[in-house]
Amino acid sequence: MSEYVPIEVDIYPLMLNEKDDDNIKTKHDNYVKKHNKKIFVIFGVFYILWIVFYKRSLEGGKLEFIKRNLFKLSTLLIISFVFYSLCLWTIAFMKVRKRVKALLYIIMIISLVGAFHYDHGERFRFHGMYNFMVFCIFIVIFDTLSLIIYKWYTLVELNKFVKQICIFAFFISFISFFTLRRLESVWETGFLNKKIEDGENLCKVRRTIPWFDLLPVRQNIWTGSESCDRKEVFNAYFDSENENKFTIVDCPEDLPMSYAVLPETRTMNIKERKKTALRRSVNRRIDVSVFNYTEPVALPDVEAVLAKCGNHDKLVVRVAGRRVKPVKGPQPKDKLNILLIFIDAMSRPQFFRSLPKTQKKMEALHKSGKMHLNQFFRYGVVGFNTNPNSLGLFAGVRVTKGKSGLPIWEDYRNNGYVAGETNDQCEDWDSSYNHRAKVSYDHDLLAPFCLPEYHPRTGFPFGNFKGPYSILRRCLTGRYVHQYAVDYTKDFIKTYDGTNPWFFRTTFIEAHESTASVLKLIDGDLADLIGSLDDETLNRTAIFMVSDHGLHVGFRFLFSKQGFVEHKLPFLTTLIPERFLNDYPELRQNLDENEQKLISSFDIHATFKDLLNFDIKLEPHEKDNYGIKSMEISKVKVNKNAKRNNENPGRLDEWLEEKERLWKEDIDLQDNDFLSKRSQKQSKNSTVTIDAKEFKSVTIWGKSLLRKIENRKCEDVLIKKQDCVCN
């Protein structure tokens with residue numbers, strides 16, 4: 001065995017290695033410090049910029065300001081989101097302790113909460129709630145997507161990641177391309193597979209890529225259940241077997257029972273009915289109309305009651321019997337009933353996206369040969385919101401301070417019809433938009449929709465989470481809000497159909513919310529309403545389903561041309577009895593040809609006037625003999641600076657003299673009768689200069705959809721350039 005000989009080891013290189021490690025560590029620490037300084041500076045810049053741009057996006061004002069600056073405000077909000085996201089990702093790549101990172105993330109969260117508290121309003125002047133919701137949705141969607149892509153990148157090699165991401169992008173693009181091609185075709189398609197046609201003389205509707213139709217139909221899925229079902233503790237109803245007395249049953253004996261009689265709004269004065277005053281008026285009257293329940297009670301002429309059993313409640317509505325005596329003799333064929341279904345803020349494409357059951361029911365009526373269905377692809381808006389569009393539709397007038405028009409249902413009522421309405425929001429149209437409060441209905445149902453469970457009793461009533469613009473389901477005592485309106489409509493028709501001609505307007509607000517997801521909840525009940533009409537009722541009833549404008553809130557409107565175009569294309573379809581059209585086949589031909597013509601709300605109003613006391617030989621303006629035609633107005637040169645007593649040739653001089661005389665005599669100028677026959681004296685090719693303020697007060701005649709309509713331009717139907725949907 002050999003002798004062990006120790007090997008000498010030189011420790012100097014080891015000492016050098018330790019020194020090198022110390023130097024490397026020192027250099028690394030210095031690098032990290034310098035790097036973090038740069039990162040903190042960058043973070044600080046991003047942080048300041050997100051706050052600055054977010055604050056700039058909160059600028060508010062009146063409606064006109066929002067319309068003018070909508071693109072600017074949206075861009076500022078997107079830029080602020082980009083800088084906020086850069087802040088989050090900058091923190092992620094900082095080489096600092098976890099505690100420091102956690103502190104920075106907490107600061108980001110606190111600053112976001114601070115932005116919410118700084119402005120969480122829901123009005124035009126203060127609209128922070130809408131900004132905050134959009135901002136948070138951007139963070140959830142895009143930052144989550146970015147995080148997924150980053151994690152994907154860290155799990156595979158760079159070359160593999162590039163290949164995989166390219167394959168994934170190609171796959172998504174391939175599917176999206178063919179899906180969008182199909183959606184473009186669907187967007188143009190209406191009832192019975194008819195489409196928007198292109199013609200040499202037709203206005204060309206702007207086509208857009210329907211990107212937002214790639215999103216899920218329900219965009220408010222995060223808000224929870226859509227059902228209003230609940231466990232019922234008791235029941236309440238008007239007992240038809242006991243003299244229609246109001247009855248409460250099945251309430252546990254240990255719970256107190258009471259009921260509140262809801263007031264009728266049609267007899268309230270304008271101060272009680274106008275805007276947000278209506279909810280206060282209704283709830284004040286309810287507060288003094290609460291009674292203890294001990295036995296069935298007779299409530300004659302009461303149409304809505306809120307029953308209570310302890311803390312549980314139930315709303316009961318009905319048409320409380322006849323208020324108009326039956327008309328002797330059969331109803332003439334030419335005297336059609338009118339069922340007007342008005343859905344606020346619903347575009348033509350939105351109808352087909354959200355109401356497929358209603359679509360099928362209306363098509364089935366057409367195919368049955370009982371009704372003739374027509375859709376109007378180029379029905380355009382005359383203004384941005386409900387005010388100008390509904391005034392043209394319901395009264396044939398333009399927005400004029402201090403002026404009002406005659407609502408079409410009141411006109412029908414004055415001519416022997418029974419008139420009724422229901423509106424599933426706490427709003428009276430006549431006082432809110434038409435500046436008057438006369439009794440224009442025989443029956444109306446508004447008060448239930450002012451109850452605090454649905455419509456906030458105090459504060460701003462049009463929020464995102466409660467009230468008529470809510471993105472949540474709309475419930476009232478265990479049922480959808482719209483179901484009460486549908487039941488009341490059915491009851492009204494059942495009460496009067498066959499004995500009296502009638503005009504009924506039922507209004508739904510479910511389309512007026514930013515996610516476009518609530519509207520589909522009315523589909524089944526709306527289809528059931530149309531399907532409940534029997535053959536005899538259909539033979540004497542014209543059905544109009546119409547909106548005032550498309551949706552003007554939400555992502556689709558804010559961030560896409562698709563939403564911009566759809567806002568200008570509201571929905572309009574008619575169902576006219578074949579029995580009526582068989583006597584006037586030229587009307588059927590006119591309706592079919594007019595489907596592709598450009599029309600406005602004034603044309604719809606003229607159609608209602610045409611059906612009232614229908615005369616095939618006379619158009620509406622010839623029967624009533626007042627107002628001025630919209631086509632004449634398109635030839636009028638409006639001069640906002642024109643003075644009342646000069647620069648006004650011919651007819652206008654006589655017009656102003658007549659108006660001054662009527663003012664002196666204190667005569668109501670509502671119908672502008674002084675324009676009746678005088679307009680016929682004016683040459684077709686002449687031009688008149690008038691004061692715009694005076695011009696707006698004129699009652700305007702459109703062209704009835706039952707009559708032949710020529711190809712027209714937007715200015716011919718009083719659609720402003722900025723509101724025109726045509727190229």
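Let's start with Leu49. At 27% relative accessibility, Leu49 is partly exposed; that label covers the range between buried, under 20% relative accessible area, and exposed, over 50%, with a 1.4 Å probe and protein chains only. Leu49 sits in helix 1, residues 12-56. Helices here are DSSP runs of H or I with at least four residues, strands are runs of E with at least two, and both are numbered from the N terminus. Val82 is 33 residues away from Leu49 along the chain, and their C-alpha atoms are separated by 9.7 Å.

A word on the source. This is a predicted model, where local features need pLDDT of at least 70 and side-chain atom pairs count only at pLDDT 80 or more, while totals for chains, interfaces and linings use all residues. Residues are numbered from 1 along each chain as its sequence is written, and side-chain values use heavy atoms, with hydrogens and water left out.

Now the overall numbers. The protein has 24 helices and 21 strands. Of its 727 residues, 52% are buried. Take contacts, meaning heavy atoms within 4.5 Å. Among those between residues at least 6 apart in sequence, 77% join residues at least 24 apart.

On to helix pairs. Two packed helices are described by the angle between their axes and the distance between the axes. Axes are lines fitted to C-alpha atoms, for helices over the stretch in contact, and angles run from 0 to 180 degrees between N-to-C directions.

Helix 2 first. Helix 2, residues 63-92, and helix 3, residues 98-118, cross at roughly 165°, and their axes come within 9 Å. That makes the two roughly antiparallel. The cut-offs: under 35 degrees is roughly parallel, over 145 roughly antiparallel, 65 to 115 roughly perpendicular, and the rest oblique. The crossing of helix 2 and helix 3 is left-handed. Left-handed means the near helix is turned anticlockwise from the far one by less than a right angle; clockwise is right-handed. Who makes the contact? From helix 2, Tyr84, Cys87, Leu88, Ile91 and Ala92; from helix 3, Lys101, Leu104, Tyr105, Met108, Ile109, Ser111 and Leu112. By class, that is 10 nonpolar, 1 polar and 1 charged. Nonpolar covers Ala, Val, Leu, Ile, Met, Phe, Trp, Tyr, Cys and Pro; charged covers Asp, Glu, Lys and Arg; the others, Gly among them, are polar.

Helix 2 also packs with helix 4, residues 128-155, at about 45°, with axes 10 Å apart. The pair is therefore oblique. This crossing of helix 2 and helix 4 is right-handed. The contact of helix 2 with helix 4 divides into 13 nonpolar, 4 polar and 1 charged.

Next pair. Helix 10, residues 386-395, packs with helix 20, residues 601-611, at about 20°, axes 6 Å apart. They are therefore roughly parallel. Their crossing is right-handed. Asn389, Gly392, Leu393, Phe394 and Ala395 of helix 10 meet Ser601, Phe602, Ile604, His605 and Phe608 of helix 20. That contact has 6 nonpolar, 4 polar and no charged residues.

How many residues of helix 20 are buried? The count is 11 of its 11. Charged ones are on that list too, including Asp603, Lys609 and Asp610.

Compare helix 19, residues 585-594. There, Leu587, Arg588, Asn590, Leu591 and Asn594 are buried. They cover an arc of only 160° around the axis, which puts them on the same side of helix 19; the arc is that of the directions from the helix axis to the C-beta atoms. They pack against strand 8 (371-375), strand 16 (572-577) and helix 18 (578-583).

Val418 lies in strand 10, residues 418-423, and is buried at 0% relative accessible area. Asp442 is 24 residues away in sequence and 6.4 Å away in space, C-alpha to C-alpha. Val418 touches Asp442, and its other partners include Phe492, Tyr496 and Trp502.

Last, backbone angles. Most residues other than glycine have a negative phi. Glu243 has a positive phi, near 60°. Glu243 is in the loop between strand 1 (235-239) and strand 2 (245-249), and is exposed at 65%. Asp301 has a positive phi of about 65°. Asp301 is in the loop between strand 4 (290-292) and strand 5 (304-309), partly exposed at 41%. And Asn613, which follows helix 20, has a positive phi near 55°.

Methods: Lists of a residue's contacts leave out its neighbours within four places in sequence.
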